[in-house]
Every structure is written in structure tokens, then in C-alpha cells.
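Hi everyone, thanks for coming. Please have a look at the model on the screen, and then I'll walk you through a few packing details.

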Amino acid sequence: MEDRDTRLEKLASEIESLAEAKSIQAHVELSENKDFIMGIIEDKIDPPIKSSLTYAKSYTQRIDNLKMSTGYQPPKLNQFDGKENPKQHVVHFVETCNNSGTYGDHLVKQFVCSLKGNAFDWYTDLVSGSIDSWEQLEQEFLNHFYSTRRIASMIELTNTHQEKDEPVIDFINRWRSLNLNCKDHLSETSGIEIYIQAMHWSLCYILQVIKPKTFQELVTRAHDMELSMATSGDQRYPGFEPHDEIEVEDSENGGKYLSEDEAEDCEKL
């Protein structure tokens with residue numbers, strides 16, 4: 001009888017322990033389910049922030065939706081690493097893309113292909129979805145890379161003159177390089193006028209009469225006159241003598257004085 005009671009007590013204890021264990025398991029499962037459900041709700045209300053290491057396009061969805069024409073073949077682009085002239089890079093990039101049939105905002109998605117090194121790093125650091133036009137991307141690019149190189153001022157440009165014994169071609173290259181580093185836009189006409197004023201007086205006087213319309217014409221004229229000087233063995237324009245001065249009546253010349261020989265030679269050039 002006693003043995004029977006002992007077994008009953010043991011069985012009752014086991015049943016109680018089992019019931020308690022199931023209760024704990026049910027509580028844990030309920031808690032886990034609750035956490036899972038709350039997690040889903042939170043994700044819907046406040047999506048998780050993406051890692052800063054995850055790549056996101058720098059341009060807007062509008063730009064991303066732009067499609068290239070059928071049969072488009074990407075051109076071979078020069079790559080900019082942040083060390084060369086940024087304005088020259090933009091000009092070359094735009095012209096190359098235009099020749100391949102790409103214009104306007106379509107340039108945005110192509111621009112990254114023309115960057116490497118520090119320039120590529122700059123592009124990847126742009127704020128996601130911040131670029132909505134080619135003009136905006138071009139401006140940000142120039143603002144950044146002009147700030148990392150010496151920028152020439154308009155005053156410096158106008159005060160730059162051809163040095164003694166400096167060949168005209170060398171001066172042209174030096175002046176145009178400085179002009180490219182000048183952030184202020186200078187029209188070709190204004191550039192030609194400033195450049196002529198910066199040349200040796202003998203070249204300057206003649207070119208003011210000739211009035212070249214393009215830089216190509218200016219270079220050709222100036223170079224030909226310099227060769228003529230070298231041939232004559234005179235550093236001045238051949239035939240120029242102060243006492244032979246006559247005033248060119250052309251009002252566009254601004255009252256400058258030229259020799260008779262110079263005036264005749266101007267007509268021949």
C-alpha cells in the first residue's frame with residue numbers, strides 16, 4: 001500500500017513538471033512570435049537604413065529612366081584622374097559623346113565612364129539621387145576640381161605678356177594654357193583682343209590692323225610675321241623706322257601709327 005502511494009506521488013510530480021515545462025515553452029513561443037510580428041510592423045513603418053557601404057546611384061530616377069537610342073555604341077572616352085585640366089576634360093567628353101549621338105541629360109549616366117582615381121572617388125561620394133541634369137553635374141565637377149588646382153584670374157590673364165626673345169608659338173601655348181585655367185568665360189573675340197595686346201609691339205601693331213577673326217588665323221599671321229622678322233635679321237617688323245611713321249586713317253585702328261612699309265605689307269598679308 002505504501003509502495004503504491006509513493007509511485008502515485010512520483011507520477012503526480014512528473015505530470016506537474018511536464019505541465020510547467022509546456023507552459024514555459026508556450027510562453028517562449030508566444031514571446032518569439034510577438035517579437036517577429038513587431039519586427040515586421042516596424043520594417044513597414046520605418047524601413048531599415050541601408051549601410052553606407054551599399055552603392056546608390058548619384059542621379060535621380062528621372063535620369064535613370066532615360067534610354068539610349070537603339071544601336072547605341074558607347075564611345076571610347078579619355079579618363080580624368082583629377083590631375084589634368086577639368087575644363088578640357090569636359091569639352092572632350094561632351095564632343096566625343098555628341099559625335100556618338102548622346103546629348104543633354106543622357107550625358108549624366110556616361111560621365112562616370114570617363115573618370116578614374118581621385119575623380120572616380122569624388123563621383124562615388126556624391127549624395128544618392130542628388131544629380132538631376134547634366135548642367136548640375138558639370139558644375140559640381142568643375143567647382144570641385146578647379147578648387148584643387150591653381151586658378152588664374154582675369155587680371156593675371158590680361159597682365160601676361162610675351163617675354164623678350166620668347167617665340168610667338170611658345171607664348172601662344174603659355175597664354176592659352178593660362179586661359180584654360182581661368183574660370184571666367186572668355187569669348188574668342190575678347191581673347192584675341194587681349195592676346196594681341198600682350199604680344200611684342202611690332203607684332204601687336206600689325207595684328208591690330210589685320211584684325212584676325214579666329215585664334216587659328218591669329219596664330220598663322222603671328223607666326224608668319226615672326227618668320228619674316230627672323231629672315232630679315234631684325235627683331236622688329238622689317239622696314240619699321242620711327243621717322244617713317246604715318247597714321248593709318250582707318251578709325252578702327254584707334255589712331256595707331258605704322259610705317260609706310262608696314263602699312264603696305266599689312267595689305268599683302
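How are α5 and α6 oriented to each other: roughly parallel, roughly antiparallel, roughly perpendicular or oblique? Before I answer, a word on the background. This is a predicted model, where local features need pLDDT of at least 70 and side-chain atom pairs count only at pLDDT 80 or more, while totals for chains, interfaces and linings use all residues. Residues are numbered from 1 along each chain as its sequence is written, and side-chain values use heavy atoms, leaving out hydrogens and water.

Now the helices, which are DSSP runs of H or I with at least four residues, numbered from the N terminus. Two packed helices are described by the angle between their axes and the distance between the axes. Helix α5 covers residues 117-124 and helix α6 residues 134-146; they pack at about 130 degrees, with axes 12 Å apart. Here, axes are lines fitted to C-alpha atoms over the stretch in contact, and angles run from 0 to 180 degrees between N-to-C directions. So α5 and α6 are oblique to each other: under 35 degrees would be roughly parallel, over 145 roughly antiparallel, 65 to 115 roughly perpendicular, and the rest is oblique.

Who makes the contact, meaning heavy atoms within 4.5 Å? From α5 we have Asn118, Ala119 and Trp122, and from α6 Leu137, Glu140, Phe141, His144 and Phe145.

Let's move on to the rings. Rings of Phe, Tyr and Trp (its six-membered ring) pair if their centres lie within 6.5 Å; planes under 30 degrees apart are stacked, over 60 edge-to-face, and the rest tilted. That rule gives 12 aromatic pairs. In one of them, Phe93 and Trp134 have ring centres 5.4 Å apart and planes at 40 degrees, so this pair is tilted. Phe93 sits in helix α3 (residues 86-99) and Trp134 in helix α6, 41 residues apart, so the pair links distant parts of the chain. Phe93 is buried at 1% relative accessibility, where buried means under 20% relative accessible area, exposed over 50% and partly exposed in between, with a 1.4 Å probe and protein chains only. Trp134, at 5%, is buried too.

Compare Trp175 and Tyr195: their centres are 5.5 Å apart and their planes at 70 degrees, so that pair is edge-to-face. Trp175 belongs to helix α8 (residues 168-180) and Tyr195 to helix α9 (residues 188-197). Both Trp175 and Tyr195 are buried.

Finally, Phe93 and Trp134 belong to one aromatic cluster, together with Phe80, Phe111, Trp122, Phe141 and Phe145.

Key
Helix = DSSP H or I, 4+ residues; strand = E, 2+ residues; numbered from the N terminus. Contact = heavy atoms within 4.5 Å.
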